[in-house]
Amino acid sequence: MMAIAAVREVTMRFRGHTALHNVSATFEENVITGLLGRNGAGKTTMMQLLAGHLVPTSGNIEVFGANPYENESVLQRMSLVKENQKYPEYFRVADAMSAAAMLFPNWDAGYAKSLVADFDLPQKRRIKKLSRGMLSAVGIVIGLASRAPLTFFDEPYLGLDAVARQMFYDRLIADYAENPRTIVLSTHLIEEIAGLLERVVIIDRGKILADADVDDLRTSAISVSGPGEQIDQFLGGRDLLRREGAGQLSRAVVRVQGRDDRADASALGLDVEPVSLQHLVVSLTNRAEAIHPAAALTAESAYLEEASR
Amino acid sequence: MNRIVSAARLHLVAPWLLLLPWAIMGSSFFINVLVWRLADMAEGREPGTAGLASLYLTLCIVYVQSMSALLPFAMGLSLTRRSFYLGTALFAGLQSLVYGVLFHGLLLVERATDGWGVGLPFFGGFWVVDNPILQVLVYVVPLLVLAFLGMAVGVMYKRFGSLGLYALIIGTILGFGGLGVLLAWQEGWRETVFGFFTGQSAVALFTGWPLLLGVLFAAAAYLGIRRVVP
């Protein structure tokens, strides 16, 4: 797999706060990557840097082998759908579509039309008058129909109901199968999109907690449940990511260390289950935030380097 | 180059916006015709009305909005700031040229109808010169200057927000106000300044000097746009 976009040792400081601390991550070609993290973690900043909308305080951004800032040949192959995209107040839905048709070399007008119909978007209505969900749908249509080799969706579903979100996921995966391209999707509805993702970049408070294959990440931890005493016994010497519940109904998310983990847990009468992506993200994020920030960085990156191998 | 032309075409996506300055000028024209008819103003032969200025100011505002509203949208469609700026400048040039030619045509109509039948010099005034090409330039250059002023102000707004804009307004008032105070105080300077302006030909006053100003605004807008965050 080839990296199509990368941030290298990037720090982004705004007046008063640092959004990204010395961050490195890569995005692989023709893969759907999830950019996951809490609100304010730095997801949007990362995408704005990759799209050349922001210039990093320090570090390098590389997209299609070049710096994207003011780089026409890079940007022509890229599409960024932002949750807070602004439209001129007099633009109608149809105007936004014809503008997009002018600027995206791979724009598929027929596909855009069918998406507009799927999302029930009124062509002649001014965008300013659309509901929040419809406004999001305009961005989604532009993002999908642009067929850009590198497409970013930054929390594109605000205000969309569950049915419309599912439609977005269905259209995305169907079109991706026919026209493979690199897609980066930032979201905190992890459960909903877990099935779409091949890779994830997990980010928390401006630091990368993971940059790994979803499968590798999932098998890097297990969840054991059962009586608290047995769990305590099982935990001895193991790396605990998260502990929840109490008494007979305790549960722990533990980093996998070797082949014996499952056998040991079963011997103690504990139930062993795989960890869902969402549960893993929550565990990692909570742990990173519980430990002292500086310590969290080294401990987590050491662990995650291992996980991503 | 392709992208620059596409950026220019973005301004045509909602074509009625091009008519807006004409609608506003049209309302000013309509009122002027009424006033001149009712008040019989033609008697005194005023040097002209400032009605045409309404179109110039509207054009300026349209270009403020091109930076405050259209630029963030264009960047959302993966256009570089530079291409958007150059496309917008190209469009402003073409638009000003078309407007200038139309004004000149309307000036000829105005002359042929003896001021729209009421002696109203709306397109004419002290800026009229004999050479048709220079006359078009006298119309076009100030249009361009105001378009670039609009772009510069719009970029300023995108970069520094409404507080930046207020600071700019306050600074401009203090600057020009201070100059006015100075002139009111020093009679000799006042005469020099007035002498300078009255000594200039219409061509210098409406093309030469404004051109310098326009270059300044264009440079300011270009430098400012490089770090705009949509």
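Colleague: How do α3(A) and α5(A) lie relative to each other, parallel or antiparallel?

Modeller: This is a predicted model, to begin with. In chain A, helix α3 (residues 93–103) and helix α5 (residues 132–145) pack at an angle of about 25 degrees. Angles under 35 degrees count as roughly parallel, so α3(A) and α5(A) are roughly parallel to each other.

Colleague: And how far apart are the axes of α3 and α5 of chain A?

Modeller: Their axes are 11 Å apart. As for handedness, α3(A) and α5(A) make a right-handed crossing.

Colleague: Which residues make the contact?

Modeller: From α3(A) they are V93(A), A96(A), M97(A) and A100(A). On the α5(A) side, V138(A), V141(A) and I142(A) take part.

Colleague: What classes of residue are in that contact of α3(A) with α5(A)?

Modeller: Seven are nonpolar, with no polar and no charged residues.

Colleague: Next pair. At what angle do α4 and α6 of chain A cross?

Modeller: Helix α4 (residues 109–118) of chain A and helix α6 (residues 162–178) of chain A cross at roughly 160 degrees, and their axes come within 12 Å. Over 145 degrees counts as roughly antiparallel, which is why α4(A) is described as roughly antiparallel to α6(A).

Colleague: Is the crossing of α4(A) and α6(A) left-handed or right-handed?

Modeller: Right-handed. Y111(A), L115(A) and D118(A) of α4(A) meet M167(A), R171(A) and D175(A) of α6(A) in the contact.

Colleague: How do the residues of that contact divide by class?

Modeller: Between α4(A) and α6(A) there are three nonpolar and three charged residues, and no polar ones.

Colleague: Switching to chain B. How many helices and strands does chain B have?

Modeller: Chain B has eight helices and zero strands. Reading from the N terminus, the order of its elements is α-α-α-α-α-α-α-α.

Colleague: What does the C-alpha trace of chain B span?

Modeller: About 60 × 45 × 30 Å along its principal axes.

Colleague: How much of chain B is buried?

Modeller: Chain B has 230 residues, and 43% of them count as buried. The accessible surface of the chain is about 11800 Å², with 73% of that belonging to carbon and sulfur atoms.

Colleague: What about contacts in chain B between residues at least 6 apart in sequence?

Modeller: Of those contacts, 78% join residues at least 24 apart.

Terms used. Residues are numbered from 1 along each chain as its sequence is written. Chains are lettered from A and ligands numbered from 1 in the order in which they are written. This is a predicted model: local features need pLDDT of at least 70, side-chain atom pairs count only at pLDDT 80 or more; totals for chains, interfaces and linings use all residues. Side-chain values use heavy atoms; hydrogens and water are left out. Axes are lines fitted to C-alpha atoms, for helices over the stretch in contact, and angles run from 0 to 180 degrees between N-to-C directions. Helices (H or I, at least four residues) and strands (E, at least two) are DSSP runs, numbered from the N terminus. Angles under 35 degrees count as roughly parallel, over 145 as roughly antiparallel, 65 to 115 as roughly perpendicular and the rest as oblique. A crossing is left-handed if the near helix is turned anticlockwise from the far one by less than a right angle, and right-handed if clockwise. Contact means heavy atoms within 4.5 Å. Ala, Val, Leu, Ile, Met, Phe, Trp, Tyr, Cys and Pro count as nonpolar, Asp, Glu, Lys and Arg as charged, and the others, Gly among them, as polar. Buried means under 20% relative accessible area, exposed over 50%, partly exposed in between (1.4 Å probe, protein chains only). Accessible areas come from the Shrake-Rupley method with a 1.4 Å probe; for residues, only the protein chains shown count as cover.
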